[in-house]
Amino acid sequence: MKATGIVRRIDDLGRVVIPKEIRRTLRIKEGDPLEIYTDREGEVIFKKYSPIGELNEFASQYAETLWRTCELPVAICDRDSIIACAGVPRRDFVDKRVTPEAEKLIEERTLYTRKQNDNVALVEGADNWTIACLMPIIAEGDMTGCVISLTDSDRSVRDTEIKLVQTAATFLSKQLES
């Protein structure tokens, strides 16, 4: 754990303010859910809650199936980072933060398909892989993550690819709602 040197008091309603610099650095926005952990030493730890993170194993299997059956390089992420991928180097993607450009696409809450010469990197350091198709995972009205097909070439996005990404996102949203 890293000390910040920032001290805050709890108010009379039991609230504590998380400083703006920390919220900005960790991409915590108003309304974001935080999970609270405690330990025996009296530490209280706030962690960004990721409902899709609870489907980590399932998401990994789904991504692997899309890669093996359709040879579709795919990544599944929550709102901030990649939780599963297949068809691309895992070390370059899993647990990496999405780029600000990718985050904007995710926040739009609509299907995105790559246009000619439109190269949006998903994560820093893996710039040769760009987003081909992106579909948000929306569960109970909340945007919880997305399914993304990736490309390392200038190919056009196929209709089948769009349908596969939409199907995966819809299926994962149904899993979160059940």
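A residue is called buried when its relative accessible area is under 20%, exposed when over 50%, and partly exposed in between (1.4 Å probe, protein chains only). The model is predicted, so that local features need pLDDT of at least 70 and side-chain atom pairs count only at pLDDT 80 or more, while totals for chains, interfaces and linings use all residues. Residues are numbered from 1 along each chain as its sequence is written, and side-chain values use heavy atoms, with hydrogens and water left out.

The chain has 178 residues, of which 39% are buried. Its secondary structure comes to 5 helices and 7 strands, where helices (H or I, at least four residues) and strands (E, at least two) are DSSP runs numbered from the N terminus. Along the sequence the pattern is α-β-β-α-β-β-α-α-β-β-β-α. Taken along the principal axes, the C-alpha atoms fill a box of roughly 55 × 35 × 25 Å.

A search of the whole structure finds 7 salt bridges, a salt bridge being a side-chain nitrogen of Lys or Arg within 4 Å of a carboxyl oxygen of Asp or Glu. One of them joins Lys 29 and Glu 103, with the closest N and O atoms 3.2 Å apart. This pair links distant parts of the chain, since Lys 29 is in the loop between H1 and E1 and Glu 103 is in helix H4, 74 residues apart. Glu 103 is buried, because its relative accessible area is 12%, whereas Lys 29 is partly exposed at 34%. Another salt bridge is formed by the side chains of Glu 107 and Arg 79 (3.5 Å, N to O). Glu 161 is buried, with a relative accessible area of 1%, and Arg 155 is partly exposed at 22%. Together with Arg 158, these two residues are linked in a network of salt bridges.

The largest pocket has a volume of about 900 Å³. Among the 24 residues that line this pocket, Thr 4, Ile 22, Val 44, Ile 45 and Phe 46 are the closest to its centre. On a 1 Å grid over the protein atoms alone, a pocket is an open set of points where a 1.4 Å probe fits, with protein on both sides within 12 Å along at least five of seven lines, and lining residues have an atom within 4 Å of a point. The volume is the space filled by probe spheres set on the points, which are joined across faces, edges and corners. Strand E2 (residues 44-48) gives the most to the lining, with 5 residues.

Most residues other than glycine have a negative phi. Arg 109 is partly exposed at 38% relative accessible area, and Glu 140 is exposed at 62%.
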